[in-house]
Amino acid sequence: MLALLSISCRGLKFNQRIPFTFQTHLNPSQAFCLPLMASTKLPAFSTGSPTPSPPATKRAGTHNGSFHCDEALGCFMIRLTDKYSNAEIVRTRDPQVLEGLDAVLDVGGVYDPLRDRYDHHQKGFQEVFGHGFSTKLSSAGLVYKHFGKEIIAKELQVDEGHPDVHRLFLAIYKSFMEAIDAVDNGINQYDTDKPPRYVNNTHLSSRVGRLNLDWTDPDQSSEKENAAFQRAMALAGGEFLDSLRFHAKSWLPARSIVLACLSARWDIDPSGEIMVLNRFCPWKLHLFELEEELKSDPPVKYVLYQDERSKQWRVQAVALSPDSFESRKALASQWRGLRDEELSKETGIPGCVFVHMSGFIGGNQSYQGALAMARASLKL
């Protein structure tokens with residue numbers, strides 16, 4: 001059976017038809033094996049006369065039958081590591097087969113990282129990611145906890161001890177991995193009157209679940225099930241790599257810009273409540289997280305940045321929270337809904353362009369004008 005799998009690691013791009021070798025037992029375990037990134041077709045499993053065999057590769061196992069996002073992603077991620085880069089994936093519930101594997105995910109009833117056993121279903125399991133997170137881990141979360149820094153360091157092409165690796169390790173868990181752990185463990189995202197327990201931006205778990213064989217399909221063979229699992233691995237793994245690359249190429253540089261501008265806010269205004277972005281970037285979530293991390297006081301009320309299209313300057317009121325429409329201090333009420341000359345006359349500041357009816361944002365033709373609007377609004 002041939003399948004198309006696209007994988008990038010250490011700057012190398014793999015996009016090729018990969019031969020899968022399936023191993024079928026005569027008992028209900030019905031395992032299969034998959035060599036990762038094979039460059040040549042491997043001989044099919046045979047019970048005939050022994051022949052010279054290639055050097056043994058690592059084997060990582062998970063259960064067969066219906067699959068979920070956590071083991072599909074866990075199997076994908078573990079093969080991004082040096083230790084399991086050429087690993088075969090064996091899908092079975094046979095305890096004897098599992099015992100002989102190098103790593104086992106989401107089956108077997110054992111969590112032992114020293115033996116690369118990453119199940120989370122057994123009684124008494126309460127492992128969490130740490131670093132302030134309290135969501136119980138799934139098999140994907142366990143693999144990420146133990147191998148995530150290695151995978152991130154490879155993508156960044158830096159040592160695991162680099163501070164950016166740790167920052168991304170936490171950020172990717174928060175924005176991507178935690179939801180997979182929570183959904184697999186049946187943890188509700190919301191309580192009635194409290195903030196969500198975790199961020200779920202992708203609903204990846206549901207989309208992976210839909211790749212299972214439909215009950216109406218007349219072909220319920222292990223071969224078709226295994227092919228579906230390969231599609232699940234490709235989907236989950238591709239989105240993990242997309243998340244990693246987004247955080248490395250976009251999230252991390254934006255965080256650095258916001259951190260530098262937040263640190264320089266006292267040079268902008270003695271109040272410390274006005275921040276100027278020296279380069280526009282997504283800033284809102286970074287500002288909230290950095291203020292909390294740095295215990296910033298007072299909190300920033302206005303952020304100034306240049307609109308890259310019009311080249312005019314914007315003064316935006318910071319919201320009370322990332323999900324709130326209410327501002328910490330909206331622009332002055334008497335300015336709201338006014339434009340151009342009428343607004344400039346009301347404010348006494350030349351070059352005014354507009355102030356939104358809600359007061360959450362305004363504009364001026366120049367930086368000095370936008371700064372004057374922010375300073376004046378602080379006092380009103």
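**Exercise 1.** Does Arg245 count as buried or exposed?

*Solution.* First, know your model: it is predicted, so local features need pLDDT of at least 70 and side-chain atom pairs count only at pLDDT 80 or more, while totals for chains, interfaces and linings use all residues. Residues are numbered from 1 along each chain as its sequence is written, and side-chain values use heavy atoms, with hydrogens and water left out.

Next, recall the cut-offs: buried means under 20% relative accessible area, exposed over 50%, and partly exposed in between (1.4 Å probe, protein chains only). Arg245 has 19% relative accessibility, so Arg245 counts as buried.

**Exercise 2.** Find which helix holds Arg245, and which side chain Arg245 joins in a polar contact.

*Solution.* Start with the helix: Arg245 lies in H6, residues 222–263. (Helices are DSSP runs of H or I, at least four residues, and strands are runs of E, at least two, numbered from the N terminus.) Then turn to the side chain: a polar contact of 3.4 Å links Arg245 to Glu155. (Such a contact is a pair of N or O atoms within 3.5 Å; within protein, one must be able to donate a hydrogen and the other to accept it, and residues adjacent in sequence count only if both atoms are side-chain atoms.)

**Exercise 3.** Work out which strands are the edges of the five-stranded sheet.

*Solution.* Write down the order of this open, mixed sheet: S4-S3-S5-S7-S6. The edge strands are S4 (88–91) and S6 (111–112), each pairing on one side only. (Two strands pair if DSSP finds at least two bridges between them.) Now check S6: two bridges join S6 to S7 (residues 117–118), and the two run antiparallel. Finally, Asp112 has Arg117 in S7 as its bridge partner.
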